[in-house]
Structure formats: structure tokens, C-alpha cells
Amino acid sequence: DGDNYKELFGALDNAFLVAYAIGMFISGIFGERLPLRYYLTGGMVLSGLFTALFGLGYFWDIHVLWYFIIVQVCNGLVQTTGWPAVVACVGNWFGKGKRGLIMGIWNSHTSVGNILGSLIAGAWVSSAWGLSFVVPGIIIAAVGIVCFFFLVEYPEDVGCSPPLHHDAGGVTSNEKDPEAVTSNEGPLSISGQSSTDRSDSPKEPVEEPEAISFLGALRIPGVVEFSLCLLFAKLVSYTFLYWLPLYIVNVAHFSAKEAGDLSTLFDVGGILGGIFAGLISDYTGGRATTCCVMLVIAAPMLFLYNHIGQNGIGTSIAMLIVCGALVNGPYALITTAVSADLGTHESLKGNAKALSTVTAIIDGTGSVGAALGPLLAGLISPTGWNNVFYMLIAADVLACLLLARVVVKEVRGWCGCIARKRGYVR
């Protein structure tokens, strides 16, 4: 109840985000070396514990800032187990052919979680705010136990054929060539291999490839570019996540509840944008180009939202959905399909022990932007909201420029493909 409450909230937010960013770079390395089911379950149960401990500070009448900061740091660290593990699990199940669309639909869970989290926490925020943390903590711990009993890490574990990813020539995938499947033992026919055969010939421990190192993951083509692009894309997304309700209250003069309800439309746009980005990138084969085009369009849309987005409730709703789609679309694509593509890159020669590490590097770098964005917005906002939006537009442009080399490579690939097709027709 002091005058410095904004600074205290900022300290708590940054304690979590900085711990999350640092822990993410380490988490992926463990994720490659531990059973994902145990790793994910442990992380979810511990996340529930630390989230509940934060809320119990209300019931225990704790008024020491360091207690809450320590709990936030611990929570940030254990929550890094989540994203690398789940992307690796989904990447193990789906090949490259329809990965963008599948992961775009799957990734909508992040926005749904944001909306549900706000609604669940909001139920007690005015009565007993401790329950706003204890109840979500119980929920995530309970779902972690469900994952322990039901999560299947690999298709082979239940007698299904593993997906194949495009080789260097872009020829091999189980959608394109189902008769030529290569395993560690040589060519196998999917149609000729029964689930009984698979279950009778378990993988030998010596055949397991070694998990990739941190530096080895950085050397995969595209990892550095997409990581830096996500840093600025996530900066924009998280600034909206943390500051949008306050912006709507101050500029559009809606009530706090109306502003909270309106801000969820940004996440609704994010769901649509993630699915659209995945669908387009599957169709074109250009993940980087899809991200770049959406980021280019997002810059003027952010400018328009700041200037005309608050002229009426209809305009505000439309602009929030459009901006959410354009900002969160590339962010969703990079953290899901792109991470899975790079984690199964042809340079790895079939070694799938890189998915978790690559995902952690990309999302960890993005999390640095997630920590910087709200912090910069807090420093800049006293000078005017226009300057905050100029900062967001600049970050958006930088994200686009960092993908320029990969976009050029994709465009050259398309041009070469068109030239070969013309030659074949002649």
C-alpha cells in the first residue's frame, strides 16, 4: 500500500522473467538427457508448489519482499522445463509436411492459458488474492500428474511409426516416400513392419545418438537468426501482455474490468495468427518469409492502433485482433514449427537429440526480450505512449531485418525450383 507499489510489481515481474530467460538456456540441455515425461512432470509439480507458495504469503501474512522475489525466481527456473519438453514431444510425433498447421493449432493453448489464467486468478483478486495463486498452482500440479501417467514421448513406444523429416535434398518424408524408411538398422518398409516387430526389437542403448551440445546447436543453420528475431518479436508480444490493460485504461478511458476483457482479444488474435502462419508456411515452405511478411505488416498496424485504435469499441476490437495475429503469429511459428524444424535439421543426420536444446536456445533468447520489453515500456511510458509504440515498431523492424539472410536463401530456393520445373517442362 506504499507509493512505490509499481516498482515492487516491476521487481517481481523481472525476477520471474530474468530467471526464466537464464534457466531456459540450461533447461534444454537437461531435457535431452532425461526422460521427458519425468522432466515435464517434475517441472509442473514444482511450478504448482512455488505458485502456491506465492499465494500462501497472503494467508501467512508475510510482508517481506525477498520472500516473494525468491519464490518468483524459483518459479521462473522450474517453469523452463515446460516449453522445451512439450515442443520436443510434439516434434517427435509429427514430420515436417504439416508441422506448421498442426503446431499452429496446438500452440493456441498458450493464448487459451493466458485467458483462463486471467479469469481464474481474477475470481479472487478482490477478496483473497492468495487464492489467485494457490488455485492455479493446484491445477498445474494436478495436470502434471496426469501427464506422468498418460504422456507418450515417442511414437515407437506405442507401436507407431516415427515421422521422417526432409533430408538435405528435401526428398524424404513419410508423407512423400512411405516405402523408403531408414532406421538405425537399415531400410525398413512401414507397410511391412508390424507393431509386433517393433515391440519385439527394442532400441539398444548403444544405438541411442548422443545429445547435442549447446555450441553444436548454435551451429545449426538458422538457429542464431531465428533466436535473435524472436528476442525482438517476444519483446513486442510481452510488452502488450503486461501493459495493454493499462494503456486501454489511460488512452481509451475504459474501466479496469473492460480493459482486462478487451486485452484478451490480443490473445484471440494470437490464436488466429499462429494457425494462419503455420498454414501459409506449410504451403509455401518458407518459415522465415512468412514471419518476415507478417512482421512487415505488423509495423504499420501498430502505428494505426496507437492513433485510431481507440476511436470506438468496434475499431478497438478489430485492431486488437489484427495486431495480436500479426505480432503473435511469427512468435508462435518460431517457438513451435521453426524450433522443431531446426531441431531435426538435415545437418544432424537423423539425430533427434537436439529438439529440446534448440527449442531452449530459441525461446531462451526470446525470453530476454520478454524481460526487456515491459522494463523498457515502464521507463518510456512517462514520456508518452507514442514513444512506447515507436519502441515497439523499431523492435518489430529489427526482428524482420534479422531474418533477411534466411529469407534470401528461401527465395533463391524457390527461384531455383521454378527454373528446374521450367527446364523439365521443356
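Colleague: Asp-61 first. Is Asp-61 buried or exposed?

Modeller: Exposed. Its relative accessibility is 54%, and the cut-off for exposed is over 50%, so Asp-61 qualifies. Bear in mind that this is a predicted model.

Colleague: Where does Asp-61 lie?

Modeller: In the loop that joins α2 (36–59) to α3 (65–78). Its backbone deserves a look too. Phi of Asp-61 is near 60°, which is positive, and the residue is not a glycine.

Colleague: OK, zoom out. How many helices and strands are there in the protein?

Modeller: The protein has 16 helices and two strands. It has 426 residues, and 45% of them count as buried.

Colleague: And what share of the contacts comes from residues 24 or more positions apart?

Modeller: 79%, taking the contacts with a separation of 6 or more.

Colleague: Now the inside. Which residues have the most contacts in the largest nonpolar core?

Modeller: Phe-226, Ile-334, Leu-342 and Val-358. That core has 51 residues. Helix α13, residues 313–343, gives the largest share of it, with eight residues. There is also a second, separate core of 26 residues, with Ala-252, Leu-265, Tyr-305 and Trp-385 among them.

Colleague: Back to Phe-226. What does Phe-226 touch?

Modeller: Leaving out residues up to four places away in sequence, Phe-226 touches Ala-288, Ile-334, Val-338, Leu-342, Ile-362, Leu-403 and Val-406.

Colleague: Next, Thr-239. Which helix is Thr-239 found in?

Modeller: Helix α10, residues 223–252. Thr-239 has 2% relative accessibility, so it counts as buried; the limit is under 20%.

Colleague: And what does Thr-239 touch?

Modeller: Leu-244, Gly-373, Pro-374, Ala-377 and Leu-392, again without residues up to four places away in sequence.

Colleague: Helix packing now. At what angle do α1 and α14 pack?

Modeller: About 175°, with the axes 7 Å apart. Helix α1 covers residues 5–33 and helix α14 covers residues 355–380. The angle makes α1 roughly antiparallel to α14, because anything over 145 degrees counts as that.

Colleague: How do the residues of that contact of α1 with α14 divide?

Modeller: Into 14 nonpolar, eight polar and two charged.

Colleague: And α4 with α5? At what angle do their axes cross?

Modeller: Roughly 140°, and the axes come within 11 Å. Here α4 is residues 82–93 and α5 is residues 99–106. The two helices are therefore oblique to each other. The crossing of α4 and α5 is right-handed.

Colleague: Which residues of α4 and α5 meet there?

Modeller: From α4, Trp-83, Val-86, Val-87, Val-90 and Gly-91; from α5, Arg-99, Met-103 and Trp-106. By class, this contact has six nonpolar residues, one polar and one charged.

Colleague: Last one, Gly-285. Where is Gly-285 found?

Modeller: In the loop between α11 (256–284) and α12 (287–308). Gly-285 is exposed, at a relative accessible area of 52%.

Colleague: What is Gly-285 in contact with, neighbours within four places aside?

Modeller: Glu-410 and Trp-414. For Gly-285 and Gly-413, the C-alpha to C-alpha distance is 9.9 Å, and they are 128 residues apart in sequence.

Key
Residues numbered from 1 in each chain as written. Predicted model: local features only at pLDDT ≥ 70, side-chain atom pairs only at ≥ 80, totals over all residues. Heavy atoms only, no water. Core = buried A, V, L, I, M, F, W, Y, C linked by side-chain atoms within 4.5 Å. Buried < 20%, exposed > 50% of the residue type's maximum accessible area, 1.4 Å probe, protein only. Helix = DSSP H or I, 4+ residues; strand = E, 2+ residues; numbered from the N terminus. Contact = heavy atoms within 4.5 Å. Axes fitted to C-alpha atoms, helices over the stretch in contact; angles between N-to-C directions. Parallel < 35°, antiparallel > 145°, perpendicular 65-115°, else oblique. Left-handed = near helix turned anticlockwise from the far one by under 90°. Nonpolar A, V, L, I, M, F, W, Y, C, P; charged D, E, K, R; others polar.
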